[in-house]
Amino acid sequence: MDHGPASLLPLLKRYFGFDGFRPLQEAIIEDSLAGRDVFALLPTGGGKSLCYQLPALARPGLTVVVSPLIALMKDQVDALHASGIAATYLNSSLSPAESQERLRGLREDRFRLLYLAPERLMVPGVLADLGRRPVNLIAIDEAHCISEWGHDFRPEYRQLTELRDHFPDVPVMALTATATPRVREDIVALLRLREPRRYVASFNRPNLLYRVVAKSRAYRQTRAFLNERGKDSGIVYCLSRKTADTLAAHLQSDGTAAGSYHAGMASQDRAAQQERFLRDEVRVMCATIAFGMGINKPNVRFVLHYDLPKNVEGYYQETGRAGRDGLPSECLLLFDAADAVKLKRFIDQKPDAEERRIAREQLDRMVQYAESAGCRRGELLDYFGEALPPGSCGGCDNCLSPRASFDGTVAAQKFLSCIYRIRERSGFGVGLHHVVAVLTGAVSEKLRKWGHERLSTYGIGHEHNRDEWAAIGRELMRQGFVSQDPARFNVLDLTEEGRALLRERRRVTLTKAETPLREARTSRAGEIACDEPLFERLRTLRKHLADARDVPAYIVFSDVALRQMARSYPTQETEFMRIAGVGQAKLAEFGPAFMAEIAAFLKEHPRREFSETKVPAARPDLGDSARETLRRFRAGQSPEHIAEQRGFVLGTVYAHLAQAIEAGEPVEIGTLIRPEDERAISEAFDALGGANLTGVRERLDGYDFGLLRIYRAACLQRGDGLIDAVVEAD
């Protein structure tokens with residue numbers, strides 16, 4: 001069998017069931033097959049695993065994958081087995097007999113991929129054994145764990161700095177879903193990557209909807225959110241272990257299949273809980289950040305943060321566990337300024353001054369995100385050095401339902417005066433809800449006990465209800481007029497700014513409380529309209545087949561595949577093979593059952609027609625380096641000269657120019673591609689489609705890959721015929 005690059009697309013379809021690559025995948029795979037070191041930063045759900053799995057099938061030898069968690073290894077190996085790919089893992093979950101059998105299989109070259117934890121890989125005996133195997137690639141997954149500046153540093157990853165000494169001639173691929181520029185440089189330096197090709201995809205996840213609401217009766221808010229989402233599966237992140245356990249217990253008692261997960265549990269209990277979640281036996285997992293990497297469940301439809309995260313990077317990583325399959329998913333943060341105060345107290349207990357400074361800066365950025373009245377997607381992208389094009393992102397609360405502002409001077413005076421009068425009369429402060437009770441004239445034993453019903457501010461706030469006054473109080477905290485001390489039962493007090501505001505009666509602008517998010521929109525990025533009753537029947541069938549094979553349901557087929565089935569009603573093999581994720585192995589094993597279920601459904605129900613709901617993707621922003629290349633090109637410098645002057649390979653210059661075209665910048669490609677070549681390229685794309693860049697290159701006898709990408713980008717901008725093939729493949 002030919003294992004050269006030309007066979008990539010047939011391999012992709014045969015084993016993984018896809019007709020084309022996602023952004024950057026093909027270029028990363030090409031570089032890997034050429035023996036180059038690669039650094040790849042692709043968002044969660046962006047297809048990182050395929051970047052090393054497909055090369056493992058395209059040439060003989062063994063690909064070694066360094067993975068941080070046992071559950072992640074098992075999950076990936078199960079998925080590879082379902083696709084007919086020989087893979088295995090070695091970790092502490094195996095018995096000695098199982099380990100010996102797998103080692104025997106490695107010596108007999110029965111496997112294409114081997115998954116190992118970093119500490120297992122660096123054991124001398126394992127290194128020596130692998131040194132005798134035909135290792136062709138070492139892939140480091142979750143590579144940000146090697147950097148102390150990363151949000152999830154793991155000391156055991158530091159051992160990987162020695163890998164280059166043991167495998168000097170083996171190319172290394174480092175992959176991560178989140179890393180600031182500083183962490184990226186750390187990864188490249190510590191892994192000793194040699195002139196690596198660097199790929200950084202957009203951090204934008206257009207299928208995710210970001211929302212922040214003021215935390216008020218958090219459990220009630222959480223239950224309401226879950227009740228609106230039927231059978232959808234999701235994660236609720238909590239700051240403490242106790243909160244995770246308590247929340248899960250309350251949800252269970254209220255009829256929601258919920259579990260808890262945190263570092264305080266025994267390892268076998270954590271593994272059991274995670275397995276129940278992956279298999280849809282637990283619908284909602286209430287967890288601390290210990291429930292992190294290795295959650296390869298593509299149909300997580302929501303992530304709810306019950307408490308404020310410590311930093312934006314962790315928040316982005318956690319929200320990224322929603323919607324890995326590309327279908328619309330939600331990210332909700334319940335924000336209370338008191339959470340930030342608690343976190344600052346924890347930070348102040350750190351012994352190292354520099355560590356405290358960094359943690360405070362990270363927390364301040366997180367609070368800035370939570371309090372922002374601007375685009376939340378833009379805030380996230382800005383943190384990672386990426387700009388969002390101007391205008392509504394169409395996927396956050398502030399863009400979809402902007403909050404109106406109003407003159408809050410009178411309301412602020414009343415609220416601040418009430419805090420002042422309570423302390424003046426009693427000699428002590430009270431919490432937010434007690435202040436609200438005084439303002440709204442509540443009748444309670446606590447108010448009578450302290451004589452607060454006789455205050456001049458008692459009952460003066462009838463123009464707002466209790467929830468509205470609580471929202472006003474929280475905003476006054478955010479604006480710095482009121483402080484809240486969690487060490488004293490969240491007691492409120494006036495700040496110096498608040499006292500000045502009372503004295504000077506300055507004008508205060510407040511925003512109205514959040515309104516329910518408009519759900520009735522024409523389309524959301526990633527939506528697949530389909531026959532919902534059929535989708536539910538196929539979901540039930542999938543669960544039955546998965547249980548029989550003792551694997552999670554998504555190992556059989558993703559929700560995307562089921563929705564495509566429930567949209568196109570395939571009952572013949574040729575039709576079924578057009579579904580995303582249907583390769584030869586899955587067609588043979590699962591195809592007959594699903595086609596029979598669809599045929600049975602059609603005997604009882606008519607076919608429905610569904611209109612296309614494509615959502616145009618936002619144009620990527622052009623980075624500084626690519627913009628400098630574009631400036632020089634427009635000044636008349638040739639790509640070869642630019643590459644020489646800037647210390648790049650020619651392919652990097654071509655990639656910059658393609659990015660410029662994709663970002664909407666005018667680029668005169670006539671100076672790059674000769675007319676006779678353009679005709680040949682056009683004919684090749686017409687014959688093979690816009691997604692098949694590798695096939696076109698082979699048809700043109702090795703024509704430059706970068707120039708082909710430039711031509712394709714120009715066609716996309718002009719709206720030429722190959723655009724549909726490219727968009728569908730991506």
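Is Gln76 buried or exposed, and what is its relative accessible area? I looked this up before anything else. Gln76 has a relative accessible area of 6%, and buried means under 20%, so I put Gln76 down as buried. I worked from a predicted model throughout.

**Entry: Gln76**

I placed Gln76 in helix α4, which covers residues 70–82. I then listed its contacts, leaving aside neighbours within four places in sequence. Gln76 is in contact with Ser49, Tyr52, Gln53, Tyr115, Asp141 and Asn296.

**Entry: the whole protein**

I counted 34 helices and 17 strands in the protein. Of its 730 residues, 53% are buried. I noted an accessible surface of about 32000 Å² for the protein, and carbon and sulfur atoms hold 50% of that surface. Among contacts with a separation of 6 or more, 72% are between residues 24 or more positions apart.

**Entry: confidence**

I checked pLDDT before going further into the details. The protein averages 84, and 90% of the residues score at least 70. Strand β12 (residues 300–305) has the highest confidence, at 96. Helix α34 (residues 723–729) has the lowest, at a mean of 34. Over residues 721–730 the pLDDT is below 50, and I noted 20 contacts in the model for this stretch beyond near neighbours in sequence. Residues 515–522 also stay under 50 in pLDDT. For residues 515–522 the model has 12 contacts beyond four places in sequence.

**Entry: the sheet of 7 strands**

In what order do the 7 strands of the open sheet come? I read the order as β3-β4-β2-β5-β6-β1-β7, with parallel pairing. The edges are β3 (87–90) and β7 (197–200). Each has a single partner strand, so one side of each is left without a neighbour in the sheet. From one strand to the next, the twist averages 15°.

I went through several pairs in this sheet. Strand β2 (residues 62–66) pairs with strand β4 (residues 113–116) in the parallel sense over 4 bridges. Within that pair, I found Val64 opposite Leu114 in β4. Strand β1 (residues 38–41) runs parallel to β6 and is joined to β6 by 4 bridges. The bridge partner of Val38 in β6 is Met173. On strand β5 (residues 135–140), I found 3 bridges to β6, also in the parallel sense. Ile140 has Ala174 in β6 as its bridge partner.

How many of the residues of strand β6 are buried? I found 5 of 5 buried in this strand, which covers residues 172–176. Val172, Ala174 and Thr176 point one way from β6, while Met173 and Leu175 point the other way. The residues on both of these sides are buried.

Helix α3 lies across β2, β4, β5 and β6, and runs at about 155° to β6. I also looked at helix α9 (residues 181–190), which lies across β1, β6 and β7. Helix α9 runs at about 155° to β1.

**Entry: nonpolar cores**

Which residues touch the most other members of the largest nonpolar core? I noted Leu121, Ile140, Leu160 and Leu308, in a core of 111 residues. Helix α3 (residues 48–58) gives the largest share of this core, 7 residues. I listed the contacts of Leu121, again leaving aside neighbours within four places in sequence. They are Val64, Val66, Leu116, Val126, Leu127, Leu130, Leu160 and Leu163. Apart from this core lies another, of 31 residues, which include Leu439, Trp469, Ala470 and Leu502.

**Entry: the sheet of 6 strands**

I found an open sheet of 6 strands in the order β8-β13-β12-β9-β11-β10, with parallel pairing. Its edge strands are β8 (208–214) and β10 (258–261), each of which pairs on one side only. Direction ignored, neighbouring strands of this sheet are turned by 20° against each other on average. I checked strand β9 (residues 233–237), which runs parallel to β12 and is joined to β12 by 5 bridges. Here Val236 stands opposite Leu304 in β12.

Definitions and conventions
Residues are numbered from 1 along each chain as its sequence is written. This is a predicted model: local features need pLDDT of at least 70, side-chain atom pairs count only at pLDDT 80 or more; totals for chains, interfaces and linings use all residues. Side-chain values use heavy atoms; hydrogens and water are left out. Helices (H or I, at least four residues) and strands (E, at least two) are DSSP runs, numbered from the N terminus. Buried means under 20% relative accessible area, exposed over 50%, partly exposed in between (1.4 Å probe, protein chains only). Contact means heavy atoms within 4.5 Å. Accessible areas come from the Shrake-Rupley method with a 1.4 Å probe; for residues, only the protein chains shown count as cover. pLDDT is the predictor's confidence in each residue, from 0 to 100. Two strands pair if DSSP finds at least two bridges between them. Axes are lines fitted to C-alpha atoms, for helices over the stretch in contact, and angles run from 0 to 180 degrees between N-to-C directions. A nonpolar core is a set of buried Ala, Val, Leu, Ile, Met, Phe, Trp, Tyr and Cys residues joined through side-chain atoms within 4.5 Å.
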